[in-house]
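We will go from selection to selection, with a short note at each stop.

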Amino acid sequence: MENKITGLHHVTALASDAQKNVDFYAGILGLRMVKKTINFDAPDVYHLYYGDETGAPGTIMTFFPYQGLVRGKKGKGQLTTTAFSIPANSLDYWMKRLQKFNIEYTKPQERFENETYIYFEDNDGLGVELVANNNDTRKGFTYGQIPLEHAVKGFYGVTLAEESHERTASLLTEQMNHNIISQKGNLYRLSPTGKPGDFVDIIADPEVARGLSGSGTVHHLAFGTPNDKVQLEVREIVMTKGIQVTPVLDRQYFHSIYFREPGGVLFEVATNDIGFAIDENPETLGEKLKLPAWQEPNRDSIEAGLTTIELNTEKFMD
Ligand code: ZN
């Protein structure tokens, strides 16, 4: 039977400076900006999407850059680290590249067998990892400033900081077709597929302080589901847990439902079958500001209220 939840879809986080956000994710990490649009709930704020060439589910990192937003605090009840997958032999390349752009990183560490990672933070303090591994068959994307053989392939997984693992793991295993695939001390790894790109690591630590929302923190974690029909089935199944779930919302590039998991992290379930080519040519994704049809009449005032951002790949060449 096909999984109702297919794996990770996207991670959405808060930032304080749109241009610095573009420079870090598209410039330094070399992700493709696959969509430049606005926060549908706050049209004076960008919604920037980064991913692989097409913005495939499991590669999509998105941001609401509220200019000047106060920093949050990472902690319990949050997704604290987003890990990206790189080829097994690419760690040296990336450490040199991060040095070049004055980004401090931790020394390489092993978490589970055959995966070595470094941790660093973006301009707002958001936790990011690059995980070198040899079992990711995806291809990655480059604008040309990073050789394709070292390019990021999409997510490796995410880490949730929780008081304890039981309730979150129970929701993921019983209602969202994940399995616990590894465990080491208070670290539990869950996945619906067992593949890089889909790992949800729960670190259970009651001593950690609760997180506070603000720039440098994650707003929500989205899982993928095949289509509208299966999404409604997931909605029913999650509600059997006594969890309140929003109605389906139209996010233009996917349809979404949202609910808070018992540990406090906002979860979304997004459909996989629409994607970013619905309103622009796949070759020129992310180049123009795209607005949902209902905001098109307000384009002039919306554009006037947004800061100009540019992707200068030349600046980020090796
Ligand atoms: Zn979302």
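**First stop: around helix 1**

The model is predicted, so local features need pLDDT of at least 70 and side-chain atom pairs count only at pLDDT 80 or more, while totals for chains, interfaces and linings use all residues, and side-chain values use heavy atoms, with hydrogens and water left out. Helices (H or I, at least four residues) and strands (E, at least two) are DSSP runs, numbered from the N terminus.

Now select residues 18-28, which make up helix 1. Nine of its eleven residues are buried, so the helix is largely enclosed by the rest of the structure; buried means under 20% relative accessible area (1.4 Å probe, protein chains only). Among them are Asn21, Asp23, Phe24 and Tyr25. At the start of the helix, show Asp17: one of its side-chain oxygens comes to within 3.1 Å of the backbone nitrogen of Gln19.

**Second stop: the open sheet**

In which order do the eight strands of the open sheet run? The order is 2-3-4-1-13-16-15-14, with mixed pairing; two strands pair if DSSP finds at least two bridges between them. At the edges, pairing on one side only, you will find strand 2 (32-39) and strand 14 (249-250).

Colour residues 7-15 and 218-225 next: these are strand 1 and strand 13, an antiparallel pair with six bridges. Gly7 has Gly224 as its bridge partner in strand 13.

Move to residues 91-100, helix 2, where the buried residues include Tyr93, Trp94 and Arg97. Just after this helix, Asn102 has a positive phi of about 60 degrees.

Select residues 187-191. Five of the five residues of strand 11 are buried, so this strand is largely enclosed by the rest of the structure. Leu187, Arg189 and Ser191 point one way, Tyr188 and Leu190 the other. In a regular strand the side chains alternate between the two faces of the sheet.

Finally, show strand 12 (residues 199-204), antiparallel to strand 11 and joined to it by four bridges. Here Asp201 is the bridge partner of Arg189.

Definitions and conventions: Residues are numbered from 1 along each chain as its sequence is written. Contact means heavy atoms within 4.5 Å. Axes are lines fitted to C-alpha atoms, for helices over the stretch in contact, and angles run from 0 to 180 degrees between N-to-C directions. Buried means under 20% relative accessible area, exposed over 50%, partly exposed in between (1.4 Å probe, protein chains only). A polar contact is a pair of N or O atoms within 3.5 Å; within protein, one must be able to donate a hydrogen and the other to accept it, and residues adjacent in sequence count only if both atoms are side-chain atoms.
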